[in-house]
Amino acid sequence: MMLRAEQISKQYFRRTGGANYFHAVKPVSLELQPGTVTVLCGRSGSGKTTLLHMLSGLLRPTEGRVLLGETDLYALSDRELSQLRNRFIGVVPQGRSVLDTLTVEENILLPGTLYAAPDRREAAARWMARLNIEALAQARASELSGGELRRTAIARTMCAAPDVILADEPTGDLDDENTALVFACFREAAAQGAAVFIVSHESDALQIADRAFRMDAGEMNPL
Ligand SMILES: Nc1ncnc2c1ncn2[C@@H]1O[C@H](COP(=O)(O)OP(=O)(O)OP(=O)(O)O)[C@@H](O)[C@H]1O
Ligand SMILES: [Mg+2]
């Protein structure tokens with residue numbers, strides 16, 4: 001399914017001596033097509049995460065619409081939006097998102113467990129193997145390294161086989177070898193029909209991009 005943003009923008013309020021509103025993201029339109037990888041680069045603070053959160057249904061734009069197929073995300077009720085997001089949209093968040101008290105496997109299966117999806121243990125095993133964390137399946141997340149946590153979060157997203165994958169700095173804490181592995185996984189997801197969107201302040205994701213953009217002080221332009 002296609003994810004489409006129509007002239008979305010985000011204004012935040014910030015105290016800077018006086019009180020000011022500023023545009024973290026200036027009005028932007030974007031189409032994420034099934035089967036493609038779109039990469040967004042840009043410096044820290046340029047508005048990349050803000051844009052990704054608006055695309056994912058987590059942050060209501062100040063103006064504009066986000067459409068998944070024909071469905072306007074922000075016209076839905078909270079409950080409808082949560083269900084739609086769980087079913088169709090996979091987010092790999094920038095920060096820590098893995099639950100410490102669960103095992104790696106439990107974390108990966110959690111989104112399916114919450115909404116009583118069909119058993120995903122086989123897919124979980126496959127993605128853990130792909131991402132080199134299968135030996136950690138029964139380890140508690142509290143015992144993992146930063147890179148292992150990152151790969152767990154990626155496996156959790158991939159395991160659900162979402163139509164749209166939105167990944168925020170997915171290789172930020174990975175070495176070269178694991179970075180290549182993760183990029184291959186995203187490419188494979190696109191080959192199977194997913195619309196993939198990767199945000200990064202480094203340019204290494206550009207190598208797998210079908211389309212690339214750059215964010216500068218809230219303004220997005222083709223690269
Ligand atoms: N809730 C908020 N309220 C006010 N300002 C915010 C809020 N969230 C983010 N900002 C500001 O909006 C701008 C864009 O932030 P954003 O997190 O989108 O940047 P980013 O490009 O993802 O940066 P990084 O590469 O460091 O992750 C920054 O100047 C940030 O300080
Ligand atoms: Mg960010």
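Trainee: Which residues come nearest to ligand 1?
Mentor: In this predicted model, 15 residues lie around ligand 1, and R14, S44, G45, K48 and T50 are the ones that come nearest.

Trainee: What kinds of residues make up that shell?
Mentor: The shell around ligand 1 divides into seven polar, four charged and four nonpolar residues.

Trainee: And which atoms of K48 and T50 lie by an oxygen of the ligand?
Mentor: An N or O atom in the side chain of K48 is 2.7 Å from an oxygen atom of ligand 1, and for T50 a side-chain N or O atom is 2.6 Å from an oxygen atom of the ligand. With G47 the backbone takes part, as one of its N or O atoms lies 3.0 Å from an oxygen atom of ligand 1.

Trainee: How much of ligand 1 does the protein bury?
Mentor: Ligand 1 taken alone exposes 640 Å², and the protein buries 67% of that. The elements giving two or more residues to the shell are β1 (3-16), β2 (18-32) and α1 (48-56).

Trainee: Switching to the magnesium ion, what are its protein donors?
Mentor: The protein donors of the magnesium ion, ligand 2, are OG1 of T49 and OE1 of Q94, which lie 1.9 to 2.3 Å from it.

Trainee: Where in the chain do those two sit?
Mentor: T49 belongs to helix α1, whereas Q94 is in the loop between β6 (89-92) and α3 (104-114), so the pair, 45 residues apart, links distant parts of the chain.

Trainee: Why does T49 count as partly exposed?
Mentor: T49 counts as partly exposed because its relative accessibility is 23%, a value between the 20% and 50% cut-offs. Q94 is also partly exposed, with a relative accessible area of 38%.

Note on methods:
Residues numbered from 1 in each chain as written. Chains lettered and ligands numbered in written order. Predicted model: local features only at pLDDT ≥ 70, side-chain atom pairs only at ≥ 80, totals over all residues. Heavy atoms only, no water. Near = heavy atom within 4 Å. Polar contact = N/O pair within 3.5 Å; in protein donor to acceptor, adjacent residues only side chain to side chain. Areas by Shrake-Rupley, 256 points an atom, 1.4 Å probe, with all protein chains shown as cover. Helix = DSSP H or I, 4+ residues; strand = E, 2+ residues; numbered from the N terminus. Nonpolar A, V, L, I, M, F, W, Y, C, P; charged D, E, K, R; others polar. Donors = N, O, S within 2.8 Å, 3.2 Å for Na, K, Ca; no water. Buried < 20%, exposed > 50% of the residue type's maximum accessible area, 1.4 Å probe, protein only.
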